[in-house]
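Please read these notes with the model open beside you. They are numbered so that each point can be checked on its own.

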Amino acid sequence: MSIRAALLQSITTTTAARRSPLIGARSVSSWWGHVAPAAKDPILGVTEAFLTDPSPDKVNVGVGAYRDDDGKPVVLECVREAERRIAGSMNM
């Protein structure tokens, strides 16, 4: 078998193995089976709470950029204050 034919056969076999859900599932589950799931991210929990809140007056303060009704960015006052403090600091 030529080198090219062997390489093509290897690529084809590897690609087919990756597509098989059983082979992938078995190897991944046995490889990572001893690893415990990580704790939920508290910041993403804010968005999860927003999504489950039935209130029509809810406001999403999770990760993302805030915009007003016209689509313009809104900078929170606490962010502006932090900018003022950092800009006035000689430790930057």
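1. Start with a term used throughout: a residue is buried at under 20% relative accessible area, exposed at over 50%, and partly exposed in between, using a 1.4 Å probe and protein chains only. By that rule glutamate 81, at 30% relative accessibility, counts as partly exposed.

2. This is a predicted model, in which local features need pLDDT of at least 70, side-chain atom pairs count only at pLDDT 80 or more, and totals for chains, interfaces and linings use all residues. Residues are numbered from 1 along each chain as its sequence is written, and side-chain values use heavy atoms, with hydrogens and water left out.

3. The predictor's confidence in each residue is given as pLDDT, from 0 to 100. The protein chain has an average pLDDT of 76, and 68% of the residues score at least 70. Among the elements, helix H1 (residues 3–19) has the lowest mean pLDDT, 60, while helix H4 (residues 77–87) has the highest, 90. Where pLDDT is low, the predicted coordinates should not be read in detail.

4. Helices and strands here are DSSP runs numbered from the N terminus: helices are H or I with at least four residues, strands are E with at least two. The protein chain has four helices and zero strands. Read from the N terminus, the order of elements is α-α-α-α.

5. How much of the protein chain is buried? Of its 92 residues, 1% count as buried. The chain exposes about 8500 Å², with carbon and sulfur atoms supplying 63% of that area. Accessible areas come from the Shrake-Rupley method with a 1.4 Å probe, and for residues only the protein chains shown count as cover.

6. A salt bridge is a side-chain nitrogen of Lys or Arg within 4 Å of a carboxyl oxygen of Asp or Glu. By this rule the count is four salt bridges. Arginine 84 has a salt bridge to glutamate 77 at 2.8 Å, N to O. Arginine 84 also forms one with glutamate 81, the closest N and O atoms being 3.1 Å apart. Arginine 84 and glutamate 81 are three residues apart in helix H4, so about one helical turn separates them.

7. Glutamate 81 has a salt bridge to arginine 85 as well, at 3.0 Å, N to O. These two residues both lie in helix H4, four residues apart, about one turn of the helix. Arginine 84 counts as partly exposed because its relative accessibility is 47%, whereas arginine 85, at 60%, counts as exposed.

8. Which residues form a nonpolar patch on the surface? They are Val74, Val75, Leu76 and Val79, with about 260 Å² of accessible area together. Patches are made of residues with over 30% relative accessible area and no salt bridge; like charges are joined within 9 Å, and nonpolar side chains (Val, Leu, Ile, Met, Phe, Trp, Tyr) within 5 Å. Valine 79 is in helix H4 and counts as partly exposed because its relative accessibility is 35%.

9. Leucine 44 is in helix H3 (residues 42–52), and its relative accessible area of 48% makes it partly exposed. Leucine 44 and valine 63 are 19 residues apart in sequence and 7.3 Å apart in space, C-alpha to C-alpha.
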